[in-house]
Amino acid sequence: MKTIEIFGFPMDLGASRRGVDMGPSAIRLAGLQKQLEDLDLKVFDRGDITINPKEVLNISNPKLKYLEEIVSSSTNLAVKVEESLNNNNFPLCIGGDHSIAIGSIAGIASHCKKHNKKLGIIWVDAHADMNTDLSSPSGNIHGMGFSASLGLGNNALTGIMNINPKAEPQNCALIGVRSIDTHERENMNSLGIQVYSMHEIDKLGIFAIITKVIEDLKNKVDHIHLSFDVDAIDPKIAPGVGTPVIGGLSYRESHLLMEVIAESGCLSSMEIAEVNPILDNGNRTAEMVSTMIASCLGLKIY
Ligand SMILES: [Mn+2]
(Lines give C-alpha, C1' and ligand atoms only; values in the text may rest on other atoms or scores of the structure.)
Protein backbone atom coordinates (compact mmCIF):
# COMPACT_ATOMS: atom_id res chain seq x y z
CA MET A 1 0.00 0.00 0.00
CA LYS A 2 1.08 3.53 -0.76
CA THR A 3 2.07 6.16 1.79
CA ILE A 4 -0.90 8.32 2.80
CA GLU A 5 -0.44 12.09 2.86
CA ILE A 6 -3.13 14.05 4.74
CA PHE A 7 -3.89 17.60 3.59
CA GLY A 8 -6.28 19.69 5.69
CA PHE A 9 -8.39 22.27 3.87
CA PRO A 10 -10.12 24.36 6.56
CA MET A 11 -12.48 26.09 4.14
CA ASP A 12 -15.94 27.47 4.89
CA LEU A 13 -16.02 30.17 2.19
CA GLY A 14 -18.00 27.93 -0.14
CA ALA A 15 -20.93 27.50 2.27
CA SER A 16 -23.45 29.67 4.13
CA ARG A 17 -23.42 27.81 7.45
CA ARG A 18 -20.30 28.56 9.48
CA GLY A 19 -18.13 26.01 11.22
CA VAL A 20 -17.17 23.53 8.50
CA ASP A 21 -13.68 25.07 8.49
CA MET A 22 -13.17 23.22 11.80
CA GLY A 23 -13.78 19.88 10.05
CA PRO A 24 -10.09 18.99 9.62
CA SER A 25 -9.44 19.55 13.36
CA ALA A 26 -12.46 17.45 14.32
CA ILE A 27 -11.41 14.57 12.06
CA ARG A 28 -7.84 14.69 13.37
CA LEU A 29 -9.15 14.79 16.95
CA ALA A 30 -11.25 11.71 16.19
CA GLY A 31 -7.98 9.82 15.73
CA LEU A 32 -7.65 9.50 11.95
CA GLN A 33 -3.86 9.14 11.81
CA LYS A 34 -3.74 6.47 14.52
CA GLN A 35 -6.61 4.54 12.89
CA LEU A 36 -4.72 4.45 9.60
CA GLU A 37 -1.41 3.57 11.23
CA ASP A 38 -3.17 0.67 12.96
CA LEU A 39 -3.74 -0.69 9.44
CA ASP A 40 0.07 -0.71 8.98
CA LEU A 41 -0.15 2.25 6.65
CA LYS A 42 2.56 4.88 6.54
CA VAL A 43 0.85 8.22 7.20
CA PHE A 44 2.18 11.76 7.06
CA ASP A 45 -0.01 14.67 8.10
CA ARG A 46 1.09 17.64 5.99
CA GLY A 47 -0.98 20.14 7.99
CA ASP A 48 -3.44 22.66 6.59
CA ILE A 49 -3.58 24.88 3.53
CA THR A 50 -3.76 28.50 4.70
CA ILE A 51 -7.18 30.06 4.03
CA ASN A 52 -8.33 33.51 5.13
CA PRO A 53 -11.61 33.67 7.09
CA LYS A 54 -14.72 35.53 5.93
CA GLU A 55 -14.00 38.25 8.48
CA VAL A 56 -11.08 39.62 6.46
CA LEU A 57 -12.51 39.09 2.97
CA ASN A 58 -15.04 40.86 0.77
CA ILE A 59 -17.59 39.40 -1.63
CA SER A 60 -16.83 40.96 -5.01
CA ASN A 61 -19.36 38.84 -6.91
CA PRO A 62 -22.49 37.55 -5.06
CA LYS A 63 -22.95 34.88 -7.75
CA LEU A 64 -19.51 33.45 -6.87
CA LYS A 65 -18.95 34.25 -3.23
CA TYR A 66 -15.30 34.50 -2.12
CA LEU A 67 -14.15 33.38 -5.59
CA GLU A 68 -10.66 34.91 -5.36
CA GLU A 69 -9.72 33.27 -2.04
CA ILE A 70 -11.26 29.94 -3.11
CA VAL A 71 -9.30 29.98 -6.39
CA SER A 72 -5.99 30.86 -4.73
CA SER A 73 -6.31 28.31 -1.89
CA SER A 74 -7.60 25.64 -4.31
CA THR A 75 -4.56 26.23 -6.50
CA ASN A 76 -2.30 25.81 -3.45
CA LEU A 77 -4.04 22.52 -2.64
CA ALA A 78 -3.81 21.39 -6.27
CA VAL A 79 -0.02 21.89 -6.31
CA LYS A 80 0.39 19.80 -3.14
CA VAL A 81 -1.91 17.03 -4.38
CA GLU A 82 -0.08 16.81 -7.70
CA GLU A 83 3.27 16.63 -5.92
CA SER A 84 1.94 13.88 -3.66
CA LEU A 85 0.87 11.81 -6.67
CA ASN A 86 4.14 12.48 -8.49
CA ASN A 87 5.89 11.01 -5.43
CA ASN A 88 3.66 7.92 -5.81
CA ASN A 89 1.76 8.69 -2.60
CA PHE A 90 -1.97 8.67 -1.84
CA PRO A 91 -3.33 12.18 -1.14
CA LEU A 92 -6.13 12.22 1.46
CA CYS A 93 -7.72 15.68 1.59
CA ILE A 94 -9.94 16.55 4.53
CA GLY A 95 -12.35 19.51 4.49
CA GLY A 96 -13.76 21.94 4.90
CA ASP A 97 -16.68 22.52 2.59
CA HIS A 98 -17.00 20.57 -0.64
CA SER A 99 -15.32 23.26 -2.73
CA ILE A 100 -12.20 21.33 -1.60
CA ALA A 101 -12.85 19.08 -4.61
CA ILE A 102 -12.09 21.87 -7.07
CA GLY A 103 -8.47 22.07 -5.91
CA SER A 104 -7.81 18.42 -5.24
CA ILE A 105 -9.27 17.31 -8.57
CA ALA A 106 -7.29 20.03 -10.37
CA GLY A 107 -4.08 18.63 -8.87
CA ILE A 108 -5.05 15.07 -9.77
CA ALA A 109 -5.97 16.09 -13.32
CA SER A 110 -2.64 17.84 -13.74
CA HIS A 111 -0.79 14.71 -12.59
CA CYS A 112 -2.91 12.52 -14.87
CA LYS A 113 -2.36 14.73 -17.90
CA LYS A 114 1.43 14.75 -17.49
CA HIS A 115 1.49 10.97 -16.96
CA ASN A 116 -0.95 10.18 -19.74
CA LYS A 117 -3.58 8.75 -17.37
CA LYS A 118 -7.36 8.96 -17.63
CA LEU A 119 -9.21 10.18 -14.55
CA GLY A 120 -12.45 8.76 -13.17
CA ILE A 121 -14.42 10.27 -10.28
CA ILE A 122 -16.87 8.67 -7.83
CA TRP A 123 -18.83 11.54 -6.26
CA VAL A 124 -20.87 10.52 -3.18
CA ASP A 125 -23.25 13.26 -2.06
CA ALA A 126 -26.84 14.15 -1.05
CA HIS A 127 -26.61 16.97 -3.61
CA ALA A 128 -25.43 17.02 -7.20
CA ASP A 129 -22.98 19.94 -6.81
CA MET A 130 -23.79 20.69 -10.44
CA ASN A 131 -24.58 24.39 -10.14
CA THR A 132 -22.78 27.20 -11.92
CA ASP A 133 -22.70 30.94 -11.27
CA LEU A 134 -25.62 31.22 -13.70
CA SER A 135 -27.83 28.62 -11.99
CA SER A 136 -26.95 28.79 -8.28
CA PRO A 137 -29.61 30.43 -6.09
CA SER A 138 -27.03 31.09 -3.32
CA GLY A 139 -23.74 31.83 -5.10
CA ASN A 140 -22.11 29.29 -2.75
CA ILE A 141 -19.21 27.64 -4.55
CA HIS A 142 -19.47 24.35 -2.59
CA GLY A 143 -22.45 23.56 -4.85
CA MET A 144 -20.36 24.00 -8.01
CA GLY A 145 -17.47 21.56 -7.52
CA PHE A 146 -18.64 18.70 -9.68
CA SER A 147 -19.81 20.88 -12.56
CA ALA A 148 -16.58 22.94 -12.45
CA SER A 149 -14.48 19.76 -12.58
CA LEU A 150 -16.42 18.70 -15.67
CA GLY A 151 -15.96 22.04 -17.40
CA LEU A 152 -19.21 23.86 -16.62
CA GLY A 153 -19.24 27.32 -15.11
CA ASN A 154 -16.96 30.27 -14.57
CA ASN A 155 -13.48 30.13 -16.15
CA ALA A 156 -11.79 31.01 -12.85
CA LEU A 157 -13.11 27.75 -11.35
CA THR A 158 -12.86 25.50 -14.41
CA GLY A 159 -9.40 26.70 -15.42
CA ILE A 160 -7.37 25.89 -12.29
CA MET A 161 -4.06 24.23 -13.31
CA ASN A 162 -4.96 25.12 -16.92
CA ILE A 163 -6.83 21.88 -17.57
CA ASN A 164 -10.47 21.96 -18.55
CA PRO A 165 -12.37 19.71 -18.17
CA LYS A 166 -10.56 17.80 -15.42
CA ALA A 167 -12.40 14.57 -16.24
CA GLU A 168 -14.75 13.26 -18.93
CA PRO A 169 -18.38 12.99 -17.73
CA GLN A 170 -18.69 9.38 -18.97
CA ASN A 171 -15.93 8.49 -16.48
CA CYS A 172 -17.83 9.91 -13.51
CA ALA A 173 -20.56 8.58 -11.23
CA LEU A 174 -22.78 10.37 -8.70
CA ILE A 175 -24.01 8.19 -5.82
CA GLY A 176 -26.46 8.92 -2.98
CA VAL A 177 -28.07 12.04 -4.41
CA ARG A 178 -31.55 13.06 -3.22
CA SER A 179 -31.71 16.86 -3.46
CA ILE A 180 -31.24 18.34 -6.94
CA ASP A 181 -32.06 21.87 -8.18
CA THR A 182 -33.89 22.22 -11.51
CA HIS A 183 -30.88 23.71 -13.28
CA GLU A 184 -28.56 21.13 -11.77
CA ARG A 185 -30.74 18.43 -13.32
CA GLU A 186 -30.33 20.10 -16.70
CA ASN A 187 -26.55 20.29 -16.25
CA MET A 188 -26.41 16.66 -15.14
CA ASN A 189 -28.46 15.49 -18.08
CA SER A 190 -26.47 17.55 -20.57
CA LEU A 191 -23.20 16.03 -19.32
CA GLY A 192 -24.47 12.44 -19.16
CA ILE A 193 -22.77 11.24 -15.98
CA GLN A 194 -23.93 7.99 -14.35
CA VAL A 195 -26.37 8.82 -11.53
CA TYR A 196 -27.34 6.43 -8.73
CA SER A 197 -29.77 8.30 -6.49
CA MET A 198 -31.14 6.98 -3.20
CA HIS A 199 -34.01 5.56 -5.28
CA GLU A 200 -31.63 3.24 -7.16
CA ILE A 201 -29.76 2.46 -3.93
CA ASP A 202 -33.03 1.42 -2.26
CA LYS A 203 -33.99 -0.75 -5.23
CA LEU A 204 -30.65 -2.32 -6.19
CA GLY A 205 -28.56 -2.06 -3.03
CA ILE A 206 -25.33 -0.15 -2.51
CA PHE A 207 -23.19 -3.29 -3.03
CA ALA A 208 -24.47 -3.86 -6.57
CA ILE A 209 -24.12 -0.20 -7.44
CA ILE A 210 -20.60 0.43 -6.21
CA THR A 211 -19.44 -2.89 -7.69
CA LYS A 212 -20.87 -1.88 -11.08
CA VAL A 213 -19.34 1.60 -10.92
CA ILE A 214 -15.89 0.27 -10.04
CA GLU A 215 -15.99 -2.43 -12.73
CA ASP A 216 -16.99 0.17 -15.30
CA LEU A 217 -14.33 2.69 -14.27
CA LYS A 218 -11.59 0.06 -13.96
CA ASN A 219 -12.01 -0.68 -17.65
CA LYS A 220 -12.00 2.96 -18.70
CA VAL A 221 -9.60 4.95 -16.52
CA ASP A 222 -6.17 4.72 -14.89
CA HIS A 223 -6.86 6.82 -11.79
CA ILE A 224 -10.01 6.59 -9.65
CA HIS A 225 -10.72 9.46 -7.24
CA LEU A 226 -13.37 9.41 -4.49
CA SER A 227 -15.03 12.67 -3.51
CA PHE A 228 -17.16 11.98 -0.42
CA ASP A 229 -19.55 14.58 0.98
CA VAL A 230 -20.53 13.49 4.48
CA ASP A 231 -24.08 14.76 3.91
CA ALA A 232 -24.58 11.66 1.74
CA ILE A 233 -24.96 9.78 5.03
CA ASP A 234 -28.32 10.01 6.75
CA PRO A 235 -28.37 12.95 9.20
CA LYS A 236 -29.65 10.67 11.98
CA ILE A 237 -26.21 9.03 11.89
CA ALA A 238 -24.07 11.97 10.75
CA PRO A 239 -25.74 15.10 12.16
CA GLY A 240 -22.67 17.34 11.94
CA VAL A 241 -23.13 18.61 8.36
CA GLY A 242 -24.23 22.01 7.06
CA THR A 243 -26.89 20.91 4.58
CA PRO A 244 -28.55 17.76 5.94
CA VAL A 245 -31.12 15.93 3.80
CA ILE A 246 -33.28 13.17 5.25
CA GLY A 247 -33.21 9.72 3.64
CA GLY A 248 -29.50 9.11 3.24
CA LEU A 249 -27.06 6.21 3.41
CA SER A 250 -27.24 4.08 6.54
CA TYR A 251 -24.20 3.42 8.72
CA ARG A 252 -23.57 0.04 7.12
CA GLU A 253 -24.30 1.23 3.56
CA SER A 254 -21.68 3.95 4.04
CA HIS A 255 -19.11 1.51 5.35
CA LEU A 256 -19.91 -1.15 2.75
CA LEU A 257 -19.38 1.40 -0.01
CA MET A 258 -15.95 2.16 1.44
CA GLU A 259 -15.09 -1.51 2.07
CA VAL A 260 -15.91 -2.50 -1.52
CA ILE A 261 -13.76 0.36 -2.82
CA ALA A 262 -10.91 -0.85 -0.57
CA GLU A 263 -11.33 -4.46 -1.78
CA SER A 264 -11.08 -3.30 -5.39
CA GLY A 265 -7.62 -1.94 -4.66
CA CYS A 266 -8.00 0.67 -7.37
CA LEU A 267 -8.53 3.94 -5.49
CA SER A 268 -5.71 6.46 -5.98
CA SER A 269 -6.90 9.55 -4.07
CA MET A 270 -9.79 10.84 -2.01
CA GLU A 271 -11.31 13.79 -0.21
CA ILE A 272 -13.94 13.95 2.49
CA ALA A 273 -15.92 17.15 3.00
CA GLU A 274 -18.57 19.02 4.98
CA VAL A 275 -18.02 17.81 8.56
CA ASN A 276 -19.29 20.67 10.73
CA PRO A 277 -18.36 20.23 14.41
CA ILE A 278 -20.57 23.14 15.51
CA LEU A 279 -23.68 21.27 14.33
CA ASP A 280 -22.43 17.91 15.58
CA ASN A 281 -23.47 15.89 18.58
CA GLY A 282 -20.20 15.66 20.52
CA ASN A 283 -17.72 14.70 17.80
CA ARG A 284 -19.64 11.64 16.57
CA THR A 285 -19.79 12.65 12.89
CA ALA A 286 -16.04 13.18 12.70
CA GLU A 287 -15.50 9.91 14.56
CA MET A 288 -17.66 8.07 12.05
CA VAL A 289 -15.83 9.77 9.18
CA SER A 290 -12.45 8.81 10.57
CA THR A 291 -13.51 5.15 10.75
CA MET A 292 -15.07 5.37 7.28
CA ILE A 293 -11.79 6.64 5.83
CA ALA A 294 -10.12 3.65 7.50
CA SER A 295 -12.71 1.35 5.86
CA CYS A 296 -11.83 2.89 2.52
CA LEU A 297 -8.15 2.19 3.12
CA GLY A 298 -8.45 -1.41 4.27
CA LEU A 299 -10.12 -1.64 7.70
CA LYS A 300 -12.14 -4.86 7.91
CA ILE A 301 -14.63 -6.11 10.47
CA TYR A 302 -12.50 -9.23 10.84
MN1 LIG B 1 -21.27 18.23 -1.91
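Predicted model: local features only at pLDDT ≥ 70, side-chain atom pairs only at ≥ 80, totals over all residues.
Figure 1. Along the principal axes, the C-alpha atoms occupy a box of roughly 55 × 40 × 40 Å. If you look at contacts between residues at least 6 apart in sequence, you will find that 76% of them link residues at least 24 apart.

**Figure 2. A close-up of the largest nonpolar core.** This core holds 97 residues, and those with the most contacts inside it are A109, I122, A173, V230, V289 and I293. Helix α4 (residues 100–114) supplies the largest share of the core, 8 residues.

**Figure 3. The surroundings of A173.** A173 is one of the residues with the most contacts inside the largest nonpolar core. Setting aside neighbours within four places in sequence, you can find A173 in contact with I122, W123, I193, Q194, Y196 and V213.

**Figure 4. Helix α10 packed with helix α11.** Helix α10 (residues 251–264) meets helix α11 (residues 284–296) at an angle of about 30 degrees, and their axes lie 7 Å apart. Angles under 35 degrees count as roughly parallel, so α10 is roughly parallel to α11. On the α10 side, S254, H255, M258, E259, I261 and A262 make the contact, while α11 contributes M292, S295 and C296. Sorted by class, the contact has 5 nonpolar, 3 polar and 1 charged residues.

Conventions
Residues numbered from 1 in each chain as written. Axes fitted to C-alpha atoms, helices over the stretch in contact; angles between N-to-C directions. Helix = DSSP H or I, 4+ residues; strand = E, 2+ residues; numbered from the N terminus. Parallel < 35°, antiparallel > 145°, perpendicular 65-115°, else oblique. Contact = placed C-beta atoms within 7 Å. Nonpolar A, V, L, I, M, F, W, Y, C, P; charged D, E, K, R; others polar. Core = buried A, V, L, I, M, F, W, Y, C linked by C-beta atoms within 7 Å. Buried ≥ 20, exposed ≤ 12 C-beta atoms within 10 Å, placed from the backbone.
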